[in-house]
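Here are a few notes to read alongside the model. Have a look at it first, then go through the points in order.

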Amino acid sequence: MKDQTFEAMITNFLIHLSDERQLSEHTVKGYRRDLLQLRAYLEPLAIRSWTKVASHHLQGFMNIGHRKGRSGRTLRRQLSAYRTFFNYLAREGLTKTNPAMEFSAPRSKTKLPATIDTDQITHLLNINRTDWHSIRDRAMLELFYSSGLRLSELVASDIEDLSFSEASIKVKGKGSKERLLPVGSKAVSAIKAWLKVRDNLPSKNQPNNRAIFLSERGTRISPRTIQERVKQWSRRLGISFKVHPHTLRHSFASHLLESS
């Protein structure tokens, strides 16, 4: 069995996947594709047996894929396939070690979150209209940027979470952990202006909860409404790219680091 060709050993492995492990046809084809790509890389190196493959051969192949722009997810999937294959060869008594276990797949470059510069932030926060929606939206934007809140935290915030004397807001984040965040002076002023008109709902309904930010029907504002309002204001004020609530959070962190 040790004299079997590359192709024969791949075929036996794929039969094992299909018959013994009962993997789907799609999954088996994926394993075959990954192994044939590796075989094509090894043959010019005069490696004629899977038992001669060392970890540096596999690592060289993965590095080429990385340089060609294959994603970290693709490379990790391929490496997982090779580990499974060499485990099978070891089970069959064909190898003593698994060369694919001796290193990790290259990772994709992390894409940095989008941010907007301080001039654009100033422009976005410069909402001078005095209607109910505009006063609310300015308070939301100021609080987002001033305190670096998550969207879910802003939605869930209640009036009693605010402390104007300490210029802070208490939020409950991931894992129900409470955090006390500072609120800037401009955000404090915008929130105070909003609370003066908060109950004057356009729908003439009575607000039925203690949420800081309401919809015009008097209910707690929804994440979707906030996302749409942020997009509308960014377009209206001439910002050329899409601004999302998390953009303000990331910009807050970025500008805080720059100022420190």
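1. Start at Gly 69, which follows H3 and has a positive phi, near 95°. Helices here are DSSP runs of H or I with at least four residues, and they are numbered from the N terminus.

2. Before going on, some ground rules: this is a predicted model, where local features need pLDDT of at least 70, side-chain atom pairs count only at pLDDT 80 or more, and totals for chains, interfaces and linings use all residues. Residues are numbered from 1 along each chain as its sequence is written, and side-chain values use heavy atoms, with hydrogens and water left out.

3. Back to H3 itself. Its buried residues (under 20% relative accessible area, 1.4 Å probe, protein chains only) are Ser 55, His 57, Leu 58, Gly 60, Phe 61, Met 62 and Gly 65. These buried residues pack against H2 and helix H4 (72–91), with contact meaning heavy atoms within 4.5 Å.

4. Now the H2 partner. In H2, Gln 37, Leu 38, Tyr 41 and Leu 42 meet His 57, Leu 58, Gly 60, Phe 61 and Ile 64 of H3. The residues of this contact divide into six nonpolar, three polar and no charged; nonpolar covers Ala, Val, Leu, Ile, Met, Phe, Trp, Tyr, Cys and Pro, charged covers Asp, Glu, Lys and Arg, and the others, Gly among them, are polar.

5. Elsewhere, take a look at Asp 137, found in helix H6 (residues 132–147). Asp 137 is buried, with a relative accessible area of 1%. Leaving aside residues up to four places away in sequence, Asp 137 touches Arg 229 and Trp 233.

How values were computed
Helices (H or I, at least four residues) and strands (E, at least two) are DSSP runs, numbered from the N terminus. Buried means under 20% relative accessible area, exposed over 50%, partly exposed in between (1.4 Å probe, protein chains only).
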